Amino acid sequence: MEIPIFTVDAFTNVPFKGNPAAVCLIENELRDDLYQSIAAEMNLSETAFITRRNSMDFSSGAKFGLRWFTPTTEVPLCGHATLASAAVLFYMKKNVNPVLVFETLSGELYVRQHEESLIMDFPLNKPNPQDQHEIKDLLKAVVGDAPIQDVCYNPRTGNLMIRLADTCDRSELTSLKPEAEALLKNDSTGKIKGVIVTMKGAPTAQPGYDFYSRYFAPWLGVLEDPVCGSAHTVLAAYWSEKLNKKKMLAYQCSSRGGELGLEIRDDGRLNMSGRAQIVLQGTLKI
């Protein structure tokens, strides 16, 4: 069996920045263990598998199946690998449709082109206030002694969100080095799948980022996800309320960097936009 495969750097217009995802074009469904083995082999934060629907090919079809796997498990939602998947279909397969529809574990997700960016129609996941005392050891393992302004949790995504105090410098976010073992050991709740650390940005600077973030998910086999789109479905809901803004520009402060445009729609969903660079094309032989 031969499977076309691509590596795509998402949420960036520069190769080797942003968040890399592997994207596989699947003619027919594979066994779940084979999906997982391929994702483990690729060893990126996510590998995406696109499957055809209604016997349409990848250039003319408008609707596709889409699944995402980390090196250790399947996940219900992944933003950067969705962006990467759409980039492969639009840029490499020259898909003729103005909008692509992906059938996923999180429902139907829509992606369209707009100038040099791709815009994804995603759910919005509002976080709820979280008792800090219940998870004080985990907070310490993530941010050390950095002052914390707010802690929230979203049960749908399993994401814990930690907002650093506004007195913090951006360097305090970029210098965080939590250890996977410490995060796993100090989570006594059993409900956390990932930790978002965020802080208010500098919208008056150029470019004016409304907030910064980093994302850690050793529970999913990924210590740090360089630019996590699904985390931004939580961040967008939180920061939109705090900043009283519907349109925001976000920056992920991992070593690779990454830029996302976010817009809260009137129907309560989220437009998430970004650019993508395809850096590798090949064939997976099984």
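1. Both Lys126 and Glu241 are exposed, where exposed stands for over 50% relative accessible area, buried for under 20%, and partly exposed for values in between (1.4 Å probe, protein chains only). Their side chains meet in a salt bridge, at 3.3 Å from N to O. Lys126 lies in the loop between strand 8 and strand 9 (128–129) and Glu241 in helix 6 (residues 229–243), so this pair ties together parts that are 115 residues apart in sequence. A salt bridge here is a side-chain nitrogen of Lys or Arg within 4 Å of a carboxyl oxygen of Asp or Glu. Helices (H or I, at least four residues) and strands (E, at least two) are DSSP runs, numbered from the N terminus.

2. A word on the basis of these points. This is a predicted model, in which local features need pLDDT of at least 70 and side-chain atom pairs count only at pLDDT 80 or more, while totals for chains, interfaces and linings use all residues. Residues are numbered from 1 along each chain as its sequence is written, and side-chain values use heavy atoms, with hydrogens and water left out.

3. The structure holds 19 salt bridges. One of them joins Glu103 to Arg53, with the closest N and O atoms 2.8 Å apart. Glu103 belongs to strand 6 and Arg53 to the loop between strand 3 and strand 4, so the pair ties together parts that are 50 residues apart in sequence. Glu103 is partly exposed, at 28% relative accessibility, and Arg53 is partly exposed too, with a relative accessible area of 24%. A network of salt bridges links Arg53, Lys63, Glu103 and Glu108.

4. Glu103 also has a place in the strand pairing. Strand 6 (residues 99–104) and strand 7 (residues 107–114) pair in the antiparallel sense over six bridges; two strands pair if DSSP finds at least two bridges between them. Glu103 stands opposite Glu108 in strand 7. The two strands form a hairpin with two residues between them.

5. Strand 7 continues the pattern with strand 8 (residues 117–122), to which five bridges join it in an antiparallel run. Gln113 has Leu118 of strand 8 as its bridge partner. In this hairpin, which has two residues between the strands, Glu115 takes a positive phi near 55 degrees.

6. Strand 1 is mostly covered, with seven of its nine residues buried. Nine bridges join strand 1 to strand 18, and the two run antiparallel. Strand 1 also pairs with strand 2 in the antiparallel sense, over six bridges. Phe6 takes part in both pairings: its bridge partner in strand 18 is Gln281, and Val23 stands opposite Phe6 in strand 2.

7. Which residues of helix 1 (residues 32–42) are buried? They are Leu34, Tyr35, Gln36, Ile38 and Ala39. These pack against several strands, including strand 1 (2–10), strand 2 (19–26) and strand 18 (276–285), contact being heavy atoms within 4.5 Å.

8. In helix 3 (residues 136–143), the buried residues are Leu138, Leu139, Ala141, Val142 and Val143. Seen down the helix axis, they fall within an arc of 165 degrees, so they line one face of helix 3; the arc is that of the directions from the helix axis to the C-beta atoms. The buried residues of helix 3 pack against strand 10 (148–154), strand 11 (159–164), helix 5 (180–185) and strand 12 (194–200). Gly144 follows helix 3 and has a positive phi, near 65 degrees.
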